[in-house]
Amino acid sequence: MTSGAQLVEAISPTGTIVLRIQGRLDADSAPKLIARCTELQNAGLSLVLNLASVTFLSSSGAGALLMLTEQFHERGSDLRLAALSGAVRSVIELLELGSSLAIDQTERDSVAALEARK
Amino acid sequence: MISRHDSSSGKRPDPWPQATPVIDAPPIESPARLAARKDYLLLSLTELNRRLWGTCDIHEAAEGLLLSLMGQVGTTRAALWFSGGDGAGEPALIKSHGIEPMQAHALAGVSWGDMLVRFRKGSRLAFPAELWGAEHAASGLAHASGVRLLGLLCAHNAPVGLVALGLPEWRSHYTSLELEVIEASLAAAGLALQTAHLNSVATKTSILLRQADKSFRELNRMKQWQLLEQNRILEASNLEMAKELQSAGNLQRTIIPPGPARIPGYDSAWAFHPHGEASGDMFGVFPLDERHAGVFVLDVSGHGMASAMLSFAVSRLLCPIPGQDNLVKRRLSKPPYYEIVPPTEVLKGLRDRFEGEQSSRFYFTLIYAVLCAETGDLEWVSAGHMPPIFARGDECTRCREQSAQTPVGLPIAPHGDEASNRMTLAPGERVFFYSDGLVDIRDRKGLWLPDASLEGAITQTGQLPIARSVDSVIERLERRAGRKSFEDDVTLVALERRGA
């Protein structure tokens, strides 16, 4: 990802894919996040996005999170957002998206929630 | 008119009272929250502008606009259609999120025309319920697809596309600030999208042109290869033909007299210069018996292999073969057991062989003479050939009134009786037989030498021994033409009666 943002992929002990986003989630990095998440979704996977290290969330970044949530929902898989950073949380609260997104306090909570749905 | 609602005012008019029931009313925002939201939206507008002008791909630009709009109002539903800005009609769907493709297609179909009408009235945004009325089927379609706002994309003050936008599930309205930023976003996006579209078209055109250029180069290479291949075949063919011509020339040279003919009381000489490897000219000087000699010069039309072959064939017929019947000397059953065939009959024999059904597109001229060495009597026939030249010292005469027949092989019939010509060579006189290559001579400027050039050369060399005279005649004519070789086959045969 560009603009100093990085995407780190991890697999939980139970096999759940976790994407840890570091840096700015904006118009530059959002399309690449969408492309990678779509690839993983096409492989039949549900995902956890760890947003603990996101330093900035723009409207394009927020739009990407909404779009991905809808896309995963439409295709019967799950996307959970975990460990929101302050920058992310403030935007989500500003947009009052708490009820529209699947948000967990920690990455472990998100993984557990996905495990529970299997 | 767009119904705008400022959440801070406390009034929340519902633009969609029938189709979109209010699920939950947003709380009245504090000034700090309103300021934060304003900053966020303005920031989104700045980011969008940067994003839109950072790409030359319409799909990337459309995705950037939709993501930004979705993030501005917090919706999962948005779609964008683009017409290309060329007035081509209903725009095509470029991107859609959260809206079924069938619904998106139908929505563009019902809304594009009405949005253009709205545009002409000065507005670029419309709520579906306001546009069609809450009870209208199109409003129901918009509601079912989650679309709560329609906006026109414009470039240079002309509609180029359409955007549909939803709302979060719990909201039924946009704030006035949101509407202002959405309108600003669409205004910024229209021109950027058209530019990206034109860039895409230019890129595609450039790719097509490059492909066309590549195809053209490929075709050119193929043509060049074909040409090279054809040249190679031609060169091989030419080489083969040159070899065959060389072989034909070698064969011809085997029947050229090796030196002066031995005729009692006479000296002879000849010059033979074929133009190229194989010649259409041929000559012969040969004894017919102890007292007679035969002389011929023939000139086959054209050059090359076919001419050389015909020349060779005629020459073989004219050269006597000891002990056998042939065209110039036939056997008899009583002494002297042979007969010298008169020149007229020889010519008739040739016509019998080379005319009629066996004739080809080639023909030849011929002069055939029989010399009686004792008396100097010379009898000859000419088939369209150059007349002989008689010379004595510094005087010479071309025989102007010979009885000349048509060349052999031309489709001219009937020939009638062949008449022969007669002349007597006195001691010291010379006779020259030659081909037209020594008469029709052009100089380097392309001008013909005078008709009497040959006679002049013969006269000028009349005091030289006959062999040197023949060589000198050739050299003089070459010098006069300014050439090192003649343009045609050249043959010159000379006989001199000794004893002047």
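Two rings of Phe, Tyr or Trp, the six-membered ring in the case of Trp, count as an aromatic pair if their centres lie within 6.5 Å. With that in hand, welcome to a set of close-ups of a predicted model.

**View 1. An aromatic cluster in chain B.** W270(B), F272(B) and F283(B) come together here as one aromatic cluster. Over all chains, the count of aromatic pairs comes to six. The next two views each take up one pair of rings.

**View 2. F127(B) and Y174(B) form a stacked pair.** A pair of aromatic rings is described by the distance of the centres and the angle of the planes. For F127(B) and Y174(B) these values are 6.3 Å centre to centre and 20° between the planes. The planes are under 30 degrees apart, so the pair counts as stacked. F127(B) belongs to the loop between β3 (125–126) and α4 (128–132) of chain B, while Y174(B) belongs to the loop between β5 (158–165) and α6 (176–253), so the pair ties together parts that are 47 residues apart in sequence. Both F127(B) and Y174(B) are buried.

**View 3. F286(B) and F296(B) form a tilted pair.** Here the ring centres are 6.2 Å apart and the planes meet at 50°, so this pair of F286(B) and F296(B) is tilted. F286(B) sits in strand β7 (residues 281–287) of chain B and F296(B) in strand β8 (residues 292–300), so the pair ties together parts that are 10 residues apart in sequence. F286(B) counts as buried at 7% relative accessibility, and F296(B) is buried too, with a relative accessible area of 0%.

**View 4. Strand β11 of chain B is covered on both faces.** Take a moment with strand β11 (residues 364–372) of chain B, where nine of its nine residues are buried. In a regular strand the side chains alternate between the two faces of the sheet. On one side of β11(B) are F364(B), L366(B), Y368(B), V370(B) and C372(B), and on the other T365(B), I367(B), A369(B) and L371(B); all of these are buried.

**View 5. The partners of β11(B) are β8(B) and β12(B).** β8(B) and β11(B) run antiparallel and are joined by nine bridges. V300(B) stands opposite F364(B) of β11(B). Strand β12 (residues 377–383) of chain B is also antiparallel to β11(B), with five bridges between them. E379(B) in β12(B) is the bridge partner of V370(B). β11(B) and β12(B) make a hairpin with four residues between them, and G376(B) in the turn has a positive phi of about 80°.

**View 6. Two charged ends sit over rings in chain B.** The charged end of K329(B) lies over the ring of Y338(B), at 4.4 Å from its centre. For R442(B), the ring below the charged end is that of W448(B), with 5.1 Å to its centre.

**View 7. I441(B) is a buried loop residue.** I441(B) lies in the loop between β17 (430–434) and α9 (453–460) of chain B. Its relative accessible area is 4%, so I441(B) is buried. Leaving aside neighbours within four places in sequence, I441(B) is in contact with L447(B), W448(B), L449(B), L477(B), A481(B) and F486(B). S453(B) is 12 residues away from I441(B) in sequence and 9.2 Å away in space, C-alpha to C-alpha.

**View 8. Chain A carries an open five-stranded sheet.** The strand order is β1-β2-β3-β4-β5 (chain A), with mixed pairing. The edges are β1 (6–11) and β5 (103–104) of chain A, each with a single partner strand, so one side of each is left without a neighbour in the sheet. Strand β2 (residues 17–25) and strand β3 (residues 47–57) of chain A pair in the parallel sense over eight bridges. R24(A) stands opposite F56(A) in β3(A). Helix α1 (residues 30–42) of chain A lies across β1, β2 and β3 of chain A, at about 175° to β2(A).

**View 9. Chain A meets chain B.** In this view, 25 residues of chain A are in contact with 26 residues of chain B. The two chains bury about 2100 Å² between them, 59% of it on carbon and sulfur atoms. S59(A), L94(A) and E96(A) supply 30% of the area that chain A buries against chain B, more than any other three residues.

Note on methods. Residues are numbered from 1 along each chain as its sequence is written. Chains are lettered from A and ligands numbered from 1 in the order in which they are written. This is a predicted model: local features need pLDDT of at least 70, side-chain atom pairs count only at pLDDT 80 or more; totals for chains, interfaces and linings use all residues. Side-chain values use heavy atoms; hydrogens and water are left out. Rings of Phe, Tyr and Trp (its six-membered ring) pair if their centres lie within 6.5 Å; planes under 30 degrees apart count as stacked, over 60 as edge-to-face and the rest as tilted. Helices (H or I, at least four residues) and strands (E, at least two) are DSSP runs, numbered from the N terminus. Buried means under 20% relative accessible area, exposed over 50%, partly exposed in between (1.4 Å probe, protein chains only). A charge sits over a ring if NZ of Lys or CZ of Arg is within 6 Å of the ring centre and within 35 degrees of the ring normal. Two strands pair if DSSP finds at least two bridges between them. Contact means heavy atoms within 4.5 Å. Axes are lines fitted to C-alpha atoms, for helices over the stretch in contact, and angles run from 0 to 180 degrees between N-to-C directions. Buried area is the accessible area (1.4 Å probe) that two parts lose on being put together, summed over both.
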